[in-house]
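Please keep the sequence and the model in view while reading.

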Amino acid sequence: MDTPKHTCLKLEIPLGGGKPEPVFVKGTWYPTRFDISITDGLHAWTCHATEDEVKERASSWDQSVSDYVDLAEKYLGFQQPGSVYGFPEAGNGCKRLSWTFEKEGTKLEWRWKCQPSPDSKKTTAEVLDFLMEANIRLSEEVVWKTQSFDRVKQEAEKCLAQSEKLNSEKSVFESEIYGKFVNVLNSKKAKLRELRDRLSKQATAHQLPEQEEESTDRTESFDEGSDNEAEQNNGGSSKDAPSASKPRGRKRK
């Protein structure tokens, strides 16, 4: 057997054409039927919708039994905006509970006749007991959720404080690392400049001897050429010298 669901709805309904007064509607919902208990605090009424009655109503509205019960629970479990609720007299102390809803643009109304409770005091007490138990459950749930919220809030504050601490430590660490990196980088740059200067000096020192050798080679070749020319000049003079120094004599006749 399925466990029934229970709901309780407070309605402000004009009774006897007067000002609206509170009425409590308690519903007990089964898969194929439902029971309704209604009290205004002084009098009480009940409605027991049997399976046959629900099936007949559902058939007349072209609905399945489960859809009919679900829709009735929707409107009697929670007050729906736009719905007009009524609880007028139906004769012989009976009342007729009604509510309206729209379907495919058409406004419809459901009505169920409620009989006077054989024990209004008992029916009213049952409704009040259900409300008290529901209130206790809600209060306990509120307390539990409040405590859970407080715990979560404390954990969140701890996480936030830890996050801020980690961010601060991260900033300090990054500053130190960046500072060391800059120092290392500057040191590497200085060493690179020093090596570049040394290489430049070595290249300059290597070029100087080559230039001196080239200038020496050029000088020696120039001297050798001068000596050859001198020798050639001297040689030519020695050949011509004897003829020039040869004594000239007179021919004898």
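In this predicted model, helix α3 supplies the largest share of the lining of the largest pocket, namely four residues. The points below begin with that pocket, continue to the nonpolar core and end with the aromatic rings.

**The largest pocket**

- The largest pocket holds about 190 Å³ of space.
- Its lining consists of 14 residues, and S37, T46, H48, T123 and E126 are the ones nearest the centre of the pocket.
- Two or more lining residues come from each of β2 (20–29), β3 (34–39), β4 (44–49) and α3 (120–245).
- Sorted by class, the lining contains six polar, five charged and three nonpolar residues.

**The largest nonpolar core**

- The largest nonpolar core comprises 29 residues, and those with the most contacts inside it are V25, F34, I36, I38, Y85, L97 and W99.
- Strands β1 (5–14), β2, β3, β4, β7 (94–103) and β8 (106–116) each give two or more residues to this core, as do helices α1 (51–60) and α2 (65–77).
- Helix α2 gives the most to the core, with six residues.
- Leaving aside residues up to four places away in sequence, V25 touches T7, C8, L9, L11, I36, S37, I38, L76 and L97.

**Aromatic pairs**

- How many aromatic pairs does a search of the whole structure find? The search finds nine.
- W61 and W110 form a tilted pair, with 6.0 Å from centre to centre and 55 degrees between the planes.
- This pair also links distant parts of the chain: W61 belongs to the loop between α1 and α2, W110 belongs to strand β8, and 49 residues separate them.
- Is each of these two residues buried or partly exposed? W61 counts as partly exposed because its relative accessibility is 26%, whereas W110 counts as buried because its value is 1%.
- W61 and W110 also belong to one aromatic cluster, together with Y68, Y75, W99 and F101.

Methods:
Residues are numbered from 1 along each chain as its sequence is written. This is a predicted model: local features need pLDDT of at least 70, side-chain atom pairs count only at pLDDT 80 or more; totals for chains, interfaces and linings use all residues. Side-chain values use heavy atoms; hydrogens and water are left out. On a 1 Å grid over the protein atoms alone, a cavity is a set of points where a 1.4 Å probe fits but cannot get out, and a pocket is an open set with protein on both sides within 12 Å along at least five of seven lines; lining residues have an atom within 4 Å of a point. Grid points are joined across faces, edges and corners, and a volume is the space filled by probe spheres set on the points. Ala, Val, Leu, Ile, Met, Phe, Trp, Tyr, Cys and Pro count as nonpolar, Asp, Glu, Lys and Arg as charged, and the others, Gly among them, as polar. A nonpolar core is a set of buried Ala, Val, Leu, Ile, Met, Phe, Trp, Tyr and Cys residues joined through side-chain atoms within 4.5 Å. Buried means under 20% relative accessible area, exposed over 50%, partly exposed in between (1.4 Å probe, protein chains only). Contact means heavy atoms within 4.5 Å. Rings of Phe, Tyr and Trp (its six-membered ring) pair if their centres lie within 6.5 Å; planes under 30 degrees apart count as stacked, over 60 as edge-to-face and the rest as tilted.
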